[in-house]
Amino acid sequence: MSLILTQEPQFVQQEVLKGLQQYDKRASVQVNTMILYPYYFLEFEVSAKSLLKFNGKIACTIDAISGQGAIIDVQPEFIQRPIVDEKILPIEISEKEAEQLAEKFIFQAATQKAKFITIPTVTIHSTALFYRPFWLAEYNSKVSGGREVIVDAISGSYHPL
Amino acid sequence: MSLDGVIFIIYILTLLMIGLWFSRKSSESSEQYLLGGRSLGPAVTAMTMQTTAMSGYMFMGAPALAFQYGWYAVWYAIGDAGGSIVNLSVLGKRMRRMSELLGALSPIEYLEKRFEHASVRVVGSIISIVFLFAYVCAQFIAAGKAMATLTGFPYEMSLIIGISVIIIYTVAGGYLAVAYTAFVQGIIMVAGVVGIGVLAYIHVGGLTSLNTALGNIDPTYLSIWGKDLAFYGQWGVVLGAILIFSIGYMGLPHVVVRHMSMQSTKTVKGAILIGAIWNQFFIFVPYILGLAGILLIPTISDPEMIITELAYTLFPGFFAALLLSAVMSAVMSTCDSLLIQAGTILSRDVYQRFINKNAKEKTTVLVSRLCILGGGIVGIVVAIFEPPSIFGLAVFAFGTLGNAFLVPYVASVYSKKANYIGCLCAMIGGATTNIIWTSMDLEAVTGLHPFLAGLLVSLIGMIIGSRFGRKPSQSILTIFEQSKNKRSFSTQFDQNIARSLAPEAKNISKFLAKESGSVRNSFS
């Protein structure tokens, strides 16, 4: 059985249910399936001269399907485990492509968010493929029928399909 | 240098220290990443959001218009306050549904995906640049005036000092942009505006007394048509005034860096609510202060300095200087983000796409910085030799944006036939008409606000242009039909949808559709 790197869900089924129903008490919500979404996690060392020397770590994720980048806040805690009965999305971006995309993304984010006098040097420190858990929820309202919603099991944010 | 100038320098240095201290702290932390933008709690987040909305326009442009035209100026505030309401109720539902189905993260990306052509993004970006530089120029003039008051130097010299400070800050002073400095600044500005508002309110004896006094000076101050009935019967002008801010916002360029939180965040909701309430308050107060200025300082030579003058009249000099320093740094941070956005758009969407496709990242950064510098120099020249009013510039900037984007947005969800040629004609036609109408002052001849004229041309452009070129593809037509469906969610549920998850939702949707398709096939 193959092992994958993933994050421990912060929101379990009951919490998602409660969270979604707080906005619409009349709707019936069902949370059944967990979907694992692939991302690359990339950590960089960045150094540049600003008012003082700017040295440190920056990290981002690259969506392993669409290639979209996102800056992340704290070091994620990964666990290694086998896939149980979750649906798992196939990867469409290779690790090499992800590294190139990430380098570009980090560079742009760094120059946009923290301005430097010198051009920053960005060096890749580590790369890992991980799967972020999303809940698939069925949202049923008496007035206008049903819709599917995905809920990020780490942050609790949601989006309809 | 005057004492006020010294206060300004101490103020900036204090902000710098706060910024340095917090960024030091965050880079020392082993598990936290630089630029990660961790959740700061609702109060800090709300205040940070508020300070970015505060600009030279709010402190100088808006009160000057009210001083000049009386209650007519409030038309602009109504449009500004109702902007989000228009976005949500008129266009919002269908557009958001379509945006979700397209997996678009920003309004310009939405247009590019809906009209299926990269040229839409490029033209949209170039129009955004016109807006950004016009708006930056308004901030420059505000900076020059604030610096002149603080230092006691002549306007031209203050302008050069002010803009130099802004450019250095934009290119090299990233540490100041730390959220905590915005928090400190927010507190001073909010306290200042609320303080001046309350004192002015007491001085004029409340709204009723203010109106009575205004009516005694000149009854037309109370008219909806402006002082001396300047816009009497010109519904075109009034409608333009209401629409300009509500629509212009939709064309604002979004060069936002996407974030993904690695821990659960439960503070954002509260921040948005606090921010929305503050916004409603701050949109109207500057206009009311402009009206109070007619009574309290009728002889003021420059109406754009009403809030500053009121601060010096109603408060001790030290606090007034502190407030003015906060205004100056609000202008700096507004300029900073506008210039960075303009530089990024020019280097990525124009330089990298058309001039040097294989440009390295370092080259694009250099191009972006040169653009900022160039913009700064043009700004100095315009602000010294032919300074337009801050209000005029803001209205021009928002007008150009609104004229370029309103028709394409509406057509994207209401017209099946609308295609990229129509979109390009509408954007270029609308923006160009606004520029010509404003620069040749055709409003005086026609009685038609530049915004309304631009809107008409843009509409004609969309109708005629869409007859040419490739028709929308089948997948767009399917999404078009899907977006017409009524929403299944309650308003509250809908408002809390995390738009940044649009790409993930699109991919999961595709995956599930494929999966259910293959399951069906295996049974048939």
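How much accessible surface does chain B have, and what share of it belongs to carbon and sulfur atoms? The accessible surface of chain B comes to about 22100 Å², and 68% of that belongs to carbon and sulfur atoms; areas here come from the Shrake-Rupley method with a 1.4 Å probe, and for residues only the protein chains shown count as cover. This is a predicted model, in which local features need pLDDT of at least 70 and side-chain atom pairs count only at pLDDT 80 or more, while totals for chains, interfaces and linings use all residues. Residues are numbered from 1 along each chain as its sequence is written, chains are lettered from A and ligands numbered from 1 in the order in which they are written, and side-chain values use heavy atoms, with hydrogens and water left out.

On to chain B as a whole. Its secondary structure comes to 21 helices and one strand (DSSP runs numbered from the N terminus: H or I of at least four residues for helices, E of at least two for strands). Of the 524 residues in chain B, 56% are buried, meaning under 20% relative accessible area, with exposed over 50% and partly exposed in between (1.4 Å probe, protein chains only). Among contacts (heavy atoms within 4.5 Å) with a separation of 6 or more, 82% join residues 24 or more positions apart.

Helix α5(B) is largely enclosed by the rest of the structure, because eight of its nine residues are buried. Those buried include B:Pro107, B:Tyr110, B:Arg114 and B:Phe115. B:Glu116 has a positive phi of about 55 degrees although it is not a glycine. Most residues other than glycine have a negative phi. B:Glu116 is partly exposed, at 27% relative accessible area. B:Asp441, in the loop between α16 and α17 (442-446) of chain B, also has a positive phi, of about 50 degrees, and is partly exposed at 46%.

Helix α16 (residues 420-439) packs against α18 (residues 450-465) of chain B at about 155 degrees, with axes 7 Å apart; axes are lines fitted to C-alpha atoms over the stretch in contact, and angles run from 0 to 180 degrees between N-to-C directions. That makes the pair roughly antiparallel (over 145 degrees). In this contact, residues of α16(B) including B:Gly429, B:Gly430 and B:Trp437 meet residues of α18(B) including B:Phe451, B:Gly461 and B:Met462.

Definitions and conventions: Parallel < 35°, antiparallel > 145°, perpendicular 65-115°, else oblique.
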